[in-house]
Amino acid sequence: MPHSLRARLSEPRLAMAHETKLTQMGMTIVFGDLVVGPTGVGQRSDIGAIISQMVDYEQAGEFRRQLADKMVHSQVTLALQGFSTGGRPPYGFRRHQVNPATNERTLMSDGDRAPRGYHVTWRPGPEEELEVIRRIVKMIVRMPASQVARKLTKEAVPSPNAGRPRTDGGYVHMTSGTWNPTTIVSILHNPLLRGEKQYGRRSMGDQSRMTPNGPRQLTEDDFDEYGRPRVIQN
């Protein structure tokens with residue numbers, strides 16, 4: 001990739017227009033292997049420099065598209081083998097890294113990254129969390145989710161995100177241990193409780209989107225009214 005900043009813009013003409021506007025404002029743009037200095041308003045650019053600029057942006061954009069496609073193919077391959085494609089496991093489950101040579105599974109802590117060549121799988125977690133899930137399944141038969149949530153909160157049972165940092169309006173705080181009905185319903189609807197893992201329920205990204213058959217190109221439905229990529233529920 002010729003220039004890291006240029007890789008952020010997929011349309012070469014738009015990228016060139018942004019660069020020209022910035023340099024005409026008197027700004028200097030520093031790329032990984034190039035420094036573009038300020039230019040005067042109305043100053044004509046060298047045709048060779050324009051062609052080089054267009055080629056750089058086009059190559060960077062193509063690199064991003066190819067990289068996105070590779071990532072989607074990788075996610076589909078991992079899903080077909082039953083491995084995690086990223087994210088945090090739901091309540092009652094934990095991440096385990098799998099040794100490719102021995103198939104041995106090792107529990108991972110939050111924030112841990114699996115070594116190169118290892119994959120990650122989700123396995124049942126602490127027995128105390130599994131017992132809470134069993135209680136919820138039994139209680140929901142005779143009381144609504146709101147009452148289940150109040151009962152667990154009254155008993156001071158830690159909620160799934162209790163003690164985790166959370167940012168609201170730029171303010172970082174620790175999540176309380178209060179249960180809510182939405183959490184109860186989410187736990188009950190978790191397909192992992194019946195030994196089933198679902199993949200690709202959401203599509204995101206500004207280059208390619210995941211499908212069971214591999215990557216697909218974005219359409220108008222993948223962008224909001226401001227032209228920003230949307231998260232699509234499949």
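Trainee: How do the axes of α1 and α2 cross?
Mentor: The axes of α1 and α2 come within 9 Å and cross at roughly 125 degrees. Axes are lines fitted to C-alpha atoms, for helices over the stretch in contact, and angles run from 0 to 180 degrees between N-to-C directions. That makes α1 oblique to α2. Under 35 degrees counts as roughly parallel, over 145 as roughly antiparallel, 65 to 115 as roughly perpendicular, and the rest as oblique.

Trainee: Where does this model come from?
Mentor: It is a predicted model, where local features need pLDDT of at least 70, side-chain atom pairs count only at pLDDT 80 or more, and totals for chains, interfaces and linings use all residues. Residues are numbered from 1 along each chain as its sequence is written, and side-chain values use heavy atoms, with hydrogens and water left out.

Trainee: Back to α1 and α2. Which residues meet?
Mentor: From α1, P12, R13, A15, M16 and E19 meet I50, Q53, M54, Y57 and E58 of α2. Contact means heavy atoms within 4.5 Å. Helices are DSSP runs (H or I, at least four residues), numbered from the N terminus.

Trainee: What classes are they?
Mentor: The α1 and α2 contact has 6 nonpolar, 1 polar and 3 charged residues. Ala, Val, Leu, Ile, Met, Phe, Trp, Tyr, Cys and Pro count as nonpolar, Asp, Glu, Lys and Arg as charged, and the others, Gly among them, as polar.

Trainee: New topic. How do α4 and α5 cross?
Mentor: Helix α4 (residues 145-154) and helix α5 (residues 181-188) have axes that come within 8 Å and cross at roughly 105 degrees. They are therefore roughly perpendicular to each other.

Trainee: Which residues make that contact?
Mentor: A145, S146, V148, A149 and L152 of α4, with P181, I184 and V185 of α5. By class, the α4 and α5 contact has 7 nonpolar, 1 polar and no charged residues.

Trainee: And α3 with α4, at what angle?
Mentor: Helix α3 (residues 127-139) and α4 pack at about 140 degrees, with their axes 10 Å apart. That makes α3 oblique to α4. V132, R135, I136 and M139 of α3 make the contact with V148, K151 and L152 of α4. Those residues divide into 5 nonpolar, no polar and 2 charged.

Notes. Helix = DSSP H or I, 4+ residues; strand = E, 2+ residues; numbered from the N terminus.
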